Amino acid sequence: LLEREPPEQIFEIWKNHHIERRDACGMVVDTETWKGWKAEAKKHPYFVFPVQKGDGKFFTVLSQFQDNYCIFTYLEDYRKDPNNAEPYMAVAFHEDFQDKKGLVLVRGDFSAHLTKDEARRLLWLLSHYYLKEPKLVRTFNKE
């Protein structure tokens, strides 16, 4: 269905589709941005983010890129058992329109551990640090 639409319309449809969703958030990035992001994520797959829970309280999640996916887990669960850490959010980067439309559709499906605002914030922070402040991501991934 979307293949016949121009890029601007695909962007609007994707954005509107995720506005009402209670379990997912989305964004759209252009192909060149995604290529840079993907290359950075391949070299530096891990990063940590605070999730503020009000009144100065927060918890920390770890993000881990695996191909066209990024999984967020509770940091303490990951430290205890990385193989069984429950995903709090799974972000998928859909490259279906990358070549013909110049767009990559991004969708973050999140669990009840996060609110929609928290999930949207994590998605924004993920893009911000990998695209605007990659030095911090690189430093974090140094052995």
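Helices α5 and α6 are roughly perpendicular to each other, where roughly perpendicular means an angle of 65 to 115 degrees, while under 35 counts as roughly parallel, over 145 as roughly antiparallel and the rest as oblique. The two helices pack at an angle of about 85°, and their axes are 5 Å apart. Two packed helices are described by the angle between their axes and the distance between the axes. The axes are lines fitted to C-alpha atoms, for helices over the stretch in contact, and the angles run from 0 to 180 degrees between N-to-C directions.

The model is predicted, so local features need pLDDT of at least 70 and side-chain atom pairs count only at pLDDT 80 or more, whereas totals for chains, interfaces and linings use all residues. Residues are numbered from 1 along each chain as its sequence is written, and side-chain values use heavy atoms, with hydrogens and water left out.

Which residues bring α5 and α6 together? Y129, Y130 and L131 of α5 meet P134, L136 and V137 of α6, contact being heavy atoms within 4.5 Å. Sorted by class, the residues of this contact are six nonpolar, no polar and no charged. Here Ala, Val, Leu, Ile, Met, Phe, Trp, Tyr, Cys and Pro count as nonpolar, Asp, Glu, Lys and Arg as charged, and the others, Gly among them, as polar.

Helix α6 covers residues 134-141, and P134, V137 and N141 are buried in it. Buried means under 20% relative accessible area, exposed means over 50%, and partly exposed lies in between (1.4 Å probe, protein chains only). These three residues cover an arc of only 60° around the axis, which puts them on the same side of α6; the arc is that of the directions from the helix axis to the C-beta atoms. The cover over the buried residues of α6 includes α2, β2 (46-52) and α5.

Helix α2 also meets α5. The axes of α2 (residues 31-43) and α5 (residues 116-131) come within 10 Å and cross at roughly 80°. That angle makes α2 roughly perpendicular to α5. On the α2 side the contact is made by T33, W37, E40 and A41, and on the α5 side by L126, S127, Y130 and L131. This contact has five nonpolar, two polar and one charged residues.

Next come the charged pairs. Side chains of opposite charge can pair when their charged atoms come close. How many salt bridges does the structure hold? There are nine, a salt bridge being a side-chain nitrogen of Lys or Arg within 4 Å of a carboxyl oxygen of Asp or Glu. One of them joins the side chains of K38 and E95 at 3.0 Å, N to O. K38 lies in helix α2 and E95 in the loop between β5 (87-94) and α4 (98-101), so the pair ties together parts that are 57 residues apart in sequence. K38 is partly exposed, at 31% relative accessible area, and E95 is partly exposed as well, at 26%.

Another salt bridge is formed by the side chains of K53 and E118 (2.9 Å, N to O). K53 sits in the loop between β2 and β3 (58-66) and E118 in helix α5, 65 residues apart, so this pair links distant parts of the chain. K53 is partly exposed at 39% relative accessibility, whereas E118 is buried at 13%. The side chains of R107 and D109 also meet in a salt bridge, at 3.0 Å, N to O. R107 is buried at 16% and D109 partly exposed at 32%.

S63 is found in strand β3 and is buried at 0% relative accessibility. Leaving aside neighbours within four places in sequence, S63 has contacts that include P45, F49, C70 and L126. Most residues other than glycine have a negative phi, and most peptide bonds are trans. D67 has a positive phi of about 55° although it is not a glycine.

Key:
Helices (H or I, at least four residues) and strands (E, at least two) are DSSP runs, numbered from the N terminus.
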